[in-house]
Amino acid sequence: MRAFTVHTGRAVPLDRSDVDTDQIIPAEYLKRIERTGFGPFLFDSWRQDPAFVLNDARYQGATILVTGPNFGSGSSREHAVWALEDHGFRAILAPSFADIFRNNCTKVGLLPVRLPEPTMRALLSAVSDDPSLEITVDLQAKRVVGAGVDEAFEMDDFTRWRLLEGLDDIGLTLRHAAAIDAFEQARPARLPSLPRP
Amino acid sequence: MTAEPRTLAEKVWERHVVHRAEGEPDLLYVDLHLVHEVTSPQAFDGLRLEGRPVRRPDLTVATMDHNVPTAPGAQDPVSVRQMEAMARNAEEFGVTLFPTGHIGQGIVHVIGPQMGLTQPGLVIACGDSHTSTHGAFGALAFGIGTSEVEHVLATQTLPQRRPGTMAITVEGDLPAGVSAKDVILAIIARIGTDGGVGHVLEYRGSAIRSLSMEGRMTVCNMSIEAGARAGVIAPDDTTFAWLEGRPNAPTGADWEAALLDWRSLPTDEGATFDREVMIDAATLRPHVSWGTNPGQTVSIDDVVPEPADEAAERALVYMDLRPGTAIRDIRPDTVFIGSCTNSRITDLREAAEILRVRTVVPGLRAMVVPGSMLVKAQAEEEGLDQVFTAAGFEWRDAGCSMCLGMNPDQLAPGERSASTSNRNFEGRQGKGGRTHLVSPVVAAATAVAGHFATPEDLG
């Protein structure tokens, strides 16, 4: 996983609520068996509209997505996170996230930052008015600064540590291999299992 | 000493904790891992890269469902490549696979229960958000992303933060014509698409207890459409009767031991939930979604509502609907009966019942896609395929099909569907397609009437 410590960049305002992962990356692009190359298909349908904010030249190269509540709802497809990351986003700022999407972000190293609704309204308005504004997202200090905002955000210490260090979950879990072995020994034999094919 | 009263979800959670430490997520053991072709190839690649095996191939089952063709014809080479990758990975890592052409193939959330692998008290994971379906048996079932799929393959565990608990009690008798699908659509309309975020929903009350296992699966299936981490229903005699005799269900003394254990799972008297919602079953009606998320849903007797916010305004533009239009005046071009929400044998029976001696209105495309090849075979044994085809429906092979349009079963731009699936997101069933979510009964009646209708409307 890619580590995240501090990132400064310009932001794209996507002022919509309940943005589902079908919009972030439509199903027709999930047939790839690679983990990369999803960026060109990010928000594929909405990008057909020349007025869509990601088509606005003033936001080219922006690395922070500023958006509405319940971002990433629907399908569990991690491809949505890969597409955002592949496009160049490093952090998503929103009032709330869907659980699976948020979880997927923290496995990949794309930082999901929850900020209060009034702060988000202020950010959306500021970066809509001035695309050149830079925002700093500091995971070390758990703070978002810039575009007229200076606000702390919550992130549990364990997830924060994993992100700061760029640690892979499997490696962390395998530290508990003995506990997994012991758990398996104690499982009742009647639980369902399949013969090896 | 009397133990503190606990909820069903808490009991299942607690018995799966492999490792717990202050400030860390609990490490939960996964009893059953369901795998499909779309969210697994990168996970298997990850294993290969690190030289890791699948820890428990005997607790892992794979199928092909998302982009399988449901009719003969030329296949998309990119889909074929993904299905070949699934077959290769299953072979290399020793995982049981039910590929296309196999009688065991079907939608992952249909075949797990059908094989008797889905049992009360288990923790189940799958790289698909509708994994919540398995909660109908009193299992705790989580939809996960591909990184987590790799994690489960490698370790048979899943680090999870303890969720909140939320009770949704539906009390009373469901009126005639109101099905499980209407119950869950009404719940989502009530609590919203983020109403369950961070929580496991427990569906309770006499109306829930009265549902068949298929109906309970429909309800739990759409827990994710309310944003929930999972959905559960207490196992009871309906659950046990459905499971008994299935291929992987316990037998003999094991069955008796299992029953004893399963009967201890339901939420204890006096246990408290973080949140509670009450719904009066008698007030429920058949539901139809009008917008672009499952919360944008009304009763079939209603009209398209005035938009309450910008999201609703956008939805109305996308759906090409005007506020005040009666739902019954909306005319779909396509009717789709299928998906992990509504493709089981009882769904097909209920729809077929309405289509006996009736036909699909001319010009309307109608298709039935059974949830598994075994459901298909059973339906054919009962002659349901004859009923559907005589009425003018296409009768297809099993798969996810038009629920998400990864295979050729798609809506054309601007086309409108009545669909028994779970998501009415923009473009979900095909770019520019407009989806209205309904029950199988309403789907069948709508196909006959040519506009949204209940069976009673057909006279």
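Of the 197 residues in chain A, 43% are buried. The model described here is a predicted one. The predictor assigns the complex an ipTM of 0.97 and a pTM of 0.98. For chain B the mean pLDDT is 97, with 100% of its residues at 70 or more.

**Fold of chain A**

Seven helices and seven strands make up the secondary structure of chain A. In sequence order they follow the pattern β-α-β-α-β-α-β-α-β-β-β-α-α-α. Along the principal axes, the C-alpha atoms of chain A fill a box of roughly 65 × 40 × 25 Å. Among the contacts in chain A that join residues at least 6 apart in sequence, 73% are between residues at least 24 apart.

**The sheet**

The seven strands of chain A form an open sheet with mixed pairing, in the order β4-β3-β2-β1-β5-β6-β7. The edges are taken by β4 (111–114) and β7 (149–152) of chain A; each has a single partner strand, so one side of each has no neighbour in the sheet. On average, and with direction ignored, neighbouring strands of this sheet are turned by 25° against each other. Strands of a sheet can pair in a parallel or an antiparallel way, in both cases through backbone hydrogen bonds.

| Strand pair (chain A) | Sense | Bridges | Residue pair |
|---|---|---|---|
| β1 (6–14) and β2 (64–67) | parallel | four | A:Val12 and A:Leu65 |
| β1 (6–14) and β5 (134–138) | antiparallel | five | A:Arg10 and A:Glu134 |
| β5 (134–138) and β6 (143–146) | antiparallel | four | A:Asp138 and A:Arg143 |

Strand β5(A) in turn pairs in the antiparallel sense with β6(A).

**The contact between the chains**

In the contact between the two chains, 65 residues of chain B meet 47 residues of chain A. On the side of chain B that touches chain A, at least two residues each come from β1 (17–19), β2 (26–29), α2 (41–50), α3 (77–93), α5 (146–155), β8 (157–160) and α10 (252–262) of chain B. The most is given by α5(B), which supplies seven residues. By type, the residues of this side of chain B are 24 nonpolar, 27 polar and 14 charged.

**Positive phi angles**

Most residues other than glycine have a negative phi. Which values of phi do A:Lys142 and B:Asp320 take? A:Lys142, which is not a glycine, has a positive phi of about 50°. The residue lies in the loop between β5 and β6 of chain A, and those two strands pair in the antiparallel sense. A:Lys142 counts as partly exposed because there are 15 C-beta neighbours inside 10 Å.

In chain B, the phi of B:Asp320 is also positive, near 55°, in a residue other than glycine. B:Asp320 belongs to the loop between α11 (310–319) and β15 (334–337) of chain B. With 10 other C-beta atoms within 10 Å, B:Asp320 is exposed.

Notes
Residues are numbered from 1 along each chain as its sequence is written. Chains are lettered from A and ligands numbered from 1 in the order in which they are written. This is a predicted model: local features need pLDDT of at least 70, side-chain atom pairs count only at pLDDT 80 or more; totals for chains, interfaces and linings use all residues. Two strands pair if DSSP finds at least two bridges between them. Axes are lines fitted to C-alpha atoms, for helices over the stretch in contact, and angles run from 0 to 180 degrees between N-to-C directions. Two residues are in contact if their C-beta atoms, placed from the backbone, lie within 7 Å. Ala, Val, Leu, Ile, Met, Phe, Trp, Tyr, Cys and Pro count as nonpolar, Asp, Glu, Lys and Arg as charged, and the others, Gly among them, as polar. pLDDT is the predictor's confidence in each residue, from 0 to 100. A residue is buried if 20 or more other C-beta atoms lie within 10 Å of its own, exposed if 12 or fewer, and partly exposed in between; C-beta atoms are placed from the backbone.
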